[in-house]
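I opened my notebook beside the model and looked up a few things. My entries are below.

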Amino acid sequence: MLQPDRETRAEWTKTVTAFVEDFIEGLEAAPASSPGTALLPPPPAETPGELTDLLARFGDAAGQAVETAGPRYLAYFPAGGLYSSVLAEFLAQATNRYTGVASTAPALVALEHSVIRWLCTEFGLPEGSGGIFTTGASLATLSAVHTARQDRLGAHDPNGTIYVTPHTHHCVAKAAHITGFSPERIRVVPTDAALRMDAAQAQAMIAEDRANGLRPFLIIGTAGATSTGVVDPLDDIAALAERESLWFHVDGAYGGAFQLTERGRAILTGIDRADSIAWDPHKSLFLPYGTGVLLVRDEARLRAAHVADGDYLQDLDHGTGLPDYADLGPELTREFRGLRVWLPLHLHGVAAFREAIDEKHDLADHLRAELKKIDGIEVLPSGLSIVVFRSADSEQLFKRLNESRRFFLSSTRLGGKFTLRICVLSHRTHREHVDEVIDLIRRWTA
């Protein structure tokens with residue numbers, strides 16, 4: 001029976017809620033990573049199963065993983081998943097509203113659109129700006145590259161040229177490939193000593209490419225590089241883009257949320273001049289994986305690049321005054337994605353998010369300062385809440401830290417050399433956790 005009665009639903013909800021509570025309460029003591037297996041479970045049976053048995057199987061599988069929700073996950077980009085966002089997703093999935101066309105759920109689309117409008121204001125974008133929640137910055141970047149191509153080239157041109165740095169996220173190259181540009185059309189601009197795009201070098205490369213018959217149309221500035229957290233000189237890149245009539249896209253997948261703080265706005269100066277901004281609230285706004293957003297300076301250009309007609313949708317009202325999200329991105333089928341952002345912002349208040357982001361910034365500054373005091377540790381240029389460093393035997397230190405299962409770190413390569421990387425970003429990570437990893441590093445490099 002696919003429609004259980006009220007008593008059964010209540011019992012299922014109670015069982016699942018108890019599981020979630022035990023999971024969250026256990027995060028402080030949980031190992032940062034656990035070995036896993038890749039054995040496939042049996043296929044579903046023809047007869048009903050027991051929820052408690054299935055939850056036990058799920059819990060065992062979920063436990064064989066890197067503990068991305070825990071306070072000692074300092075690798076890549078933590079996504080702790082606020083409990084308030086979990087509740088929002090429960091509500092959104094239970095009501096199961098379609099929001100690809102506004103008229104099918106106008107009040108819910110208005111609710112989601114209110115968050116987009118607030119974000120546009122926070123990022124300093126003008127009237128007429130807009131955007132759409134996506135599954136992540138990769139999809140947001142794909143839409144941005146497609147929009148830039150349509151807007152600046154008019155149609156696909158294999159001579160269209162894109163400008164990045166060695167530290168630009170690979171989702172840009174993937175988006176360029178999907179939209180039909182060869183690797184040769186992605187030009188890698190050198191960086192300065194602080195690992196930031198050299199705008200003067202970009203200017204020279206653009207001039208050279210034009211002289212060679214190419215069509216420069218898109219330049220990418222990074223607001224928080226994946227490896228280092230370094231922010232490109234966004235204001236200089238914006239000025240260059242304006243002079244050269246290029247589309248200016250900012251990859252703020254990681255660092256975008258720092259715009260919500262006073263210190264972050266100073267670091268991200270120039271982001272308000274972007275034509276498009278990709279950002280992942282599932283990173284620096286502590287929301288569950290699968291929560292991205294694309295903001296654009298001119299929503300009409302985003303719509304022009306994505307709108308398509310379908311005769312079987314002719315009965316729907318498209319004149320609500322609200323955006324039809326199906327016209328702003330590649331998805332037609334789309335769940336109510338905005339509640340997982342709207343509910344936490346309203347329930348906790350925006351100030352709580354600003355304070356949490358500032359805390360992560362402070363913790364990274366503290367970590368950076370303490371590492372500099374340890375003999376044998378070299379701290380490299382980094383920014384926001386990421387710290388990168390090396391030791392005399394970086395790989396051995398990295399292995400020892402992760403094999404302790406107390407913490408989970410990631411690594412990168414800078415200048416071709418193995419480099420340890422710590423990202424302090426989980427809402428569950430606090431001073432005591434950072435001090436603990438500092439103590440381990442100090443002890444194991446002595």
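These notes go from the cores to a helix, then to loops, salt bridges and the surface.

**Ground rules.** I am working with a predicted model, in which local features need pLDDT of at least 70, side-chain atom pairs count only at pLDDT 80 or more, and totals for chains, interfaces and linings use all residues. I number residues from 1 along each chain as its sequence is written, and side-chain values use heavy atoms, with hydrogens and water left out.

**Cores.** I looked up the nonpolar cores (sets of buried Ala, Val, Leu, Ile, Met, Phe, Trp, Tyr and Cys residues joined through side-chain atoms within 4.5 Å). Buried means under 20% relative accessible area, exposed means over 50%, and partly exposed is in between, with a 1.4 Å probe and protein chains only. The largest core has 52 residues. Those that touch the most other members are Ile-219, Phe-248, Val-250, Tyr-254, Ile-271, Ile-277 and Leu-295. Helix H8 (residues 234–244) gives the most to this core, namely 5 residues. Helices here are DSSP runs (H or I, at least four residues), strands are runs of E (at least two), and both are numbered from the N terminus. A second, separate core holds 24 residues, including Leu-74 and Phe-389. I also noted a general point: in soluble globular proteins, nonpolar side chains tend to be buried together.

What does Ile-277 touch, leaving out residues up to four places away in sequence? I found Phe-123, Leu-125, His-249, Val-250, Ile-271, Val-293, Leu-294 and Leu-295. Contact means heavy atoms within 4.5 Å.

**Helix H11.** I checked which residues of H11 (299–306) are buried, and they are Glu-299, Leu-302, Ala-305 and His-306. Down the axis of H11, these buried residues fall within an arc of 125 degrees, so they line one face of the helix. The arc is taken from the directions from the helix axis to the C-beta atoms. I see the buried residues of H11 packing against helices H4 (106–122) and H5 (137–153), and against strands S1 (130–134) and S7 (292–296).

**Loops.** Leu-195 is not a glycine, yet its phi is positive, at about 70 degrees. I placed Leu-195 in the loop between strand S3 (186–188) and helix H7 (199–211). Leu-195 is buried, at 19% relative accessible area. Phe-286 also has a positive phi of about 70 degrees without being a glycine. Phe-286 sits in the loop between helix H10 (281–284) and S7. Phe-286 is buried, at 3% relative accessibility.

**Salt bridges.** I counted a side-chain nitrogen of Lys or Arg within 4 Å of a carboxyl oxygen of Asp or Glu. That rule gives 32 salt bridges. In one of them, Arg-340 pairs with Glu-89, with the closest N and O atoms 2.9 Å apart. Arg-340 is in helix H12 (residues 339–348) and Glu-89 in helix H3, 251 residues apart. Arg-340 is buried, at 6%. Arg-210 and Glu-244 also form a salt bridge, at 3.2 Å from N to O. Arg-210 lies in H7 and Glu-244 in H8, so the pair ties together parts 34 residues apart in sequence. Is Arg-210 buried or partly exposed? Arg-210 is partly exposed, at 36%, whereas Glu-244 is buried, at 18%.

**Surface.** My last entry is on Val-86, which lies in helix H3 (residues 83–95). Val-86 is partly exposed, at 39% relative accessible area.
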